[in-house]
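Q: I am new to this structure and would like to learn how to read the way its chains meet. Could you take me through it step by step?

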2 protein chains.
Amino acid sequence: MESKSCAARSTAVTKDRPDATFRSDAADLVTQLSPTPKTKPDVVDFGTVFTDHMLTVEWNANEGWQSPLIRPFGNLSLHPACSALHYGVQLFEGLKVYRGNDGRLRLFRPILNMSRMAKSAERACLPAFDQSELLECIRRLIEIDQDWVPHSDSAGLYIRPTFIGTEPSLGVRKPAHALLYVILCHAGSYFDTEVRALSLWADPKYTRAWKGGTGDCKMGGNYGGTLFAQYEAGSCGCQQVLWLYGEDHQITEAGTMNIFLHWINEDGDEELATPPLDGIILPGVTRLSILELTKKWEEVKVSERYVTMGQLCSALQQQRLMEMFGSGTACRICPVGSVVYQGKHLELPCQEKHSLSSRIATELADIQVSRLTRARTIATSTF
Amino acid sequence: MESKSCAARSTAVTKDRPDATFRSDAADLVTQLSPTPKTKPDVVDFGTVFTDHMLTVEWNANEGWQSPLIRPFGNLSLHPACSALHYGVQLFEGLKVYRGNDGRLRLFRPILNMSRMAKSAERACLPAFDQSELLECIRRLIEIDQDWVPHSDSAGLYIRPTFIGTEPSLGVRKPAHALLYVILCHAGSYFDTEVRALSLWADPKYTRAWKGGTGDCKMGGNYGGTLFAQYEAGSCGCQQVLWLYGEDHQITEAGTMNIFLHWINEDGDEELATPPLDGIILPGVTRLSILELTKKWEEVKVSERYVTMGQLCSALQQQRLMEMFGSGTACRICPVGSVVYQGKHLELPCQEKHSLSSRIATELADIQVSRLTRARTIATSTF
C-alpha cells in the first residue's frame, strides 16, 4: 500500500519524480511497427475498426511510469483478478483528429481531454500523469497511423485514451499497478440510424448519476449502468434515454451526450440553456465549445441552468421551444425530434436548416478542419 | 445487434435455447490440469494468492454459450476496446467453501449467489445463464483444487465468479460477446489490521448508490467509485466509509458491508435493525442469513428499517445502542468501534463476548463448518 494521499495525485509533477511522469523522450518511446498493416474499410459503425498500432504505458507503485510503447494493435494480457475487471477501476477519454483542407492533421482541443482525464484519474485513485507528455505520445501514435485519418470535410479519426487498474488482487483498494493505453478507430456513424433527429425516452425510474458519485468523470461504471435503461428506451420505440434528476425531473443528459435547449425562457428571453456542472454532468469538450462560441456571438442569452421536464412541457405548449439538441465528441451535434414522458409523446420542433444547432455544427466543423482563418478558431493543436 | 429485449434475459432458460445455457455435461466440461501446481502459502492478505485452476465460459450472441473450460490459472487475453474495460460491463459474486469437521467441503448458500448473479447480469445487459449448471461447474473446479480449502474451524476458500462484456467495439450497447469466469483464492484477513472493531468515517459528500442506479447489484462501478472516499476516510484516521443517503443522513452500508444496529429503539423495544432492500442496498447473503437466524431465535425485534445518523446519535447519548456491526462474505461479522461524523468522534459500545454479533458469528461459523446438526442449519450444499 502506498503512503501518499490521493489528493497529491491531482497535480502534474516533474520528471524527477519517478512515479508520476512518462519518460516520453524520443529515446524512451519505443516503437514496434506492425508487419501486417490492415486494409482500411470505407464505411463502418463507430468504434468497430481499429488502426494498426496502439500506445501502452505501464505504471506500478514501486517503479512509477515505464517507457511508453507504440506497438502493433492487439489484445491485452490481464490478470483475471485485476481491479479494472472487478471494481470498475477504469476511465477513458474520447477526442478526434481531423484532416484539414490544407492537408494538415489537427486535434480538437486535446488539452481539455488531457485535463479531464487527469481529473478522472484522481477520482478513480489511479496515478497522476504528465498531460503534455501523454499528448506528445498520442501525437506520435497518430503520426504513425496518419493514413487512417479520413479525407473528409467533417469526419475525423476517433482517439480513445484508456486508463485501467491492473492490481492483481481482490481487495477493494487503490491499485498499485495500472495501464494507460490509447487506441484509434474509425468514427463512422455513431447512431444506428441515419435519422437526423433523435427520439428520447424520459423516465425518472433510472438515474444516470448523482451528487457524491462519479457522473462528472469519464469512469466506465457511469456507462455500463445505463445499458438497461437504453434498451428499455428501445422497447418504447426511442433511441436514447433523456436522463432526469430529482423530484422535479431536471433534464441532465441524453444518452451519452450533454443536452442543450434553445428557447424563449420563462422571462421572455431567447436563451440557449444547458445544465450547470454541479457534479452530475459530464464536462463535455463540445459542450464547453458550444458555450464559448455562442457567448462570443452575443446573439442569445447563454446559460448554465437547470431546466425541468415541467418547464420543457410548458415551453412546448406555449410554442416557446425552438429546439433541443445533444452534443458530444462521438455524435457531434444531434437534434432531438421527440421525447416520450409520462405516457405522452412530445414532438419537438426540429428544423433542418437555419437552426442554431446547424449553425453551431457548421462552425465547429469549420474549426475542426480549419476552414476558418486562425483568428476565428478555438485553439487547436496542429502537427 | 440482438433483437431480444433485456427483459427476456431474467429467466433461466432450457437447454434447447443455445444462447442461454452452459453445456456443462461431463462430456462438455473440458478440463486441462496445470502441470505446475503452486506451493500453498500459510497466511496471506485477502484475494492475493489464487489456486492452480480457473473456470472460463465464453458466450456470443450468434452461437450462445460455449463449452465450459477448467484450465490452469492464468492471464486473460482481452481486446483493448472490450466493454468490460471501457463501460464497466462487469459484475462479480463472492462466496466461500468451508471444510467441515467431518472433512467434507460445503458451500455456504451458493444458490443465493447464483440468483443474485443472474439479477446483476440482467441489470448489466449480460446474457442469462443456467444457475445450477454454473454451480455444478464451480463444484467441479473446487473438487480439482480441493487441497486449497483450509483445514480450519472458521476460514474458507473464497470463490469469485466474474462476468464481463467482451464486445470488441466502442459503441455503448449491449455486448454481443461475454466471458464468465471463476477464480478461487485464499480468503486471508480482509482488513489490514487485526483490530477487532472498525473505525468508520461518515460524510454525506460522497454517495455510494442512488435510487435508479445499480447499488443493489454487484457491478464493478459500485466499487471503483468508492476508493476515493475510502482514502479520505483513511486520511481522517478511519478504516472504512459509513455510507449515508439523503438529507436525513440515513445509514446504508459500511465499506463493502451491510450494516446492522442492535439497540433499544425509539419505542423502547430491543431491536436488530438493518436498512431495507429499497434499491440502494446490496442484498447480502450474510445479511439475509443474519435476519433469518435472529428472527428464528425470537428474542429481539428484527427489522428492515431506516436509521438516520440523528437517531444513532440520540441512541448513543441515551445509552440505547448495544452495538453496530457490518456483515459480508469476505469480512464475515465485523463490529464497529467508532464513527467520525460532523467533526465528532463517536465511540460505540463494543463487547468482545456475549454480544449479539459474536453469537451470530459463532452460529454462522458453526453452520458453515457443519458443527451443528442438520436440523438446525441453514441449507448448505455438500460435496
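Q: How many salt bridges are counted between chain A and chain B?

A: In this predicted model, the count of salt bridges between chain A and chain B is zero. Polar contacts are another matter, for 35 residue pairs, both at pLDDT 80 or more, are in polar contact between chain A and chain B.

Q: Which elements of chain A make up the side that touches chain B?

A: Those giving two or more residues to that side include strand E5 (76–78), helix H2 (110–123), strand E9 (157–165), strand E10 (177–186) and helix H5 (227–235) of chain A. The residues of this side of chain A divide into 35 nonpolar, 23 polar and eight charged.

Q: How do the E5 strands of the two chains run, parallel or antiparallel?

A: E5(A) and strand E5 (residues 76–78) of chain B run antiparallel and are joined by three bridges. Within this pairing, Leu76(A) stands opposite Leu78(B) in E5(B).

Q: What area is buried between chain A and chain B?

A: The size of an interface is often given as the accessible area lost when the parts come together. Here the area buried between chain A and chain B is about 5,400 Å², and carbon and sulfur atoms give 61% of that area. Of the area that chain A buries against chain B, Leu85(A), Phe228(A) and Tyr231(A) supply 12%, more than any other three residues.

Q: What rotation superposes chain A on chain B?

A: A rotation of 180°, with 0.0 Å of shift along its axis, superposes chain A on chain B with an RMSD of 0.0 Å, and that is the relation of a two-fold axis. In chain A, the C-alpha nearest the axis belongs to Gly221(A), 2.0 Å from it.

Conventions. Residues are numbered from 1 along each chain as its sequence is written. Chains are lettered from A and ligands numbered from 1 in the order in which they are written. This is a predicted model: local features need pLDDT of at least 70, side-chain atom pairs count only at pLDDT 80 or more; totals for chains, interfaces and linings use all residues. Side-chain values use heavy atoms; hydrogens and water are left out. Copies are superposed by least squares on the C-alpha atoms of residues with pLDDT of at least 70 in both. Buried area is the accessible area (1.4 Å probe) that two parts lose on being put together, summed over both. A salt bridge is a side-chain nitrogen of Lys or Arg within 4 Å of a carboxyl oxygen of Asp or Glu. A polar contact is a pair of N or O atoms within 3.5 Å; within protein, one must be able to donate a hydrogen and the other to accept it, and residues adjacent in sequence count only if both atoms are side-chain atoms. Helices (H or I, at least four residues) and strands (E, at least two) are DSSP runs, numbered from the N terminus. Ala, Val, Leu, Ile, Met, Phe, Trp, Tyr, Cys and Pro count as nonpolar, Asp, Glu, Lys and Arg as charged, and the others, Gly among them, as polar. Two strands pair if DSSP finds at least two bridges between them.
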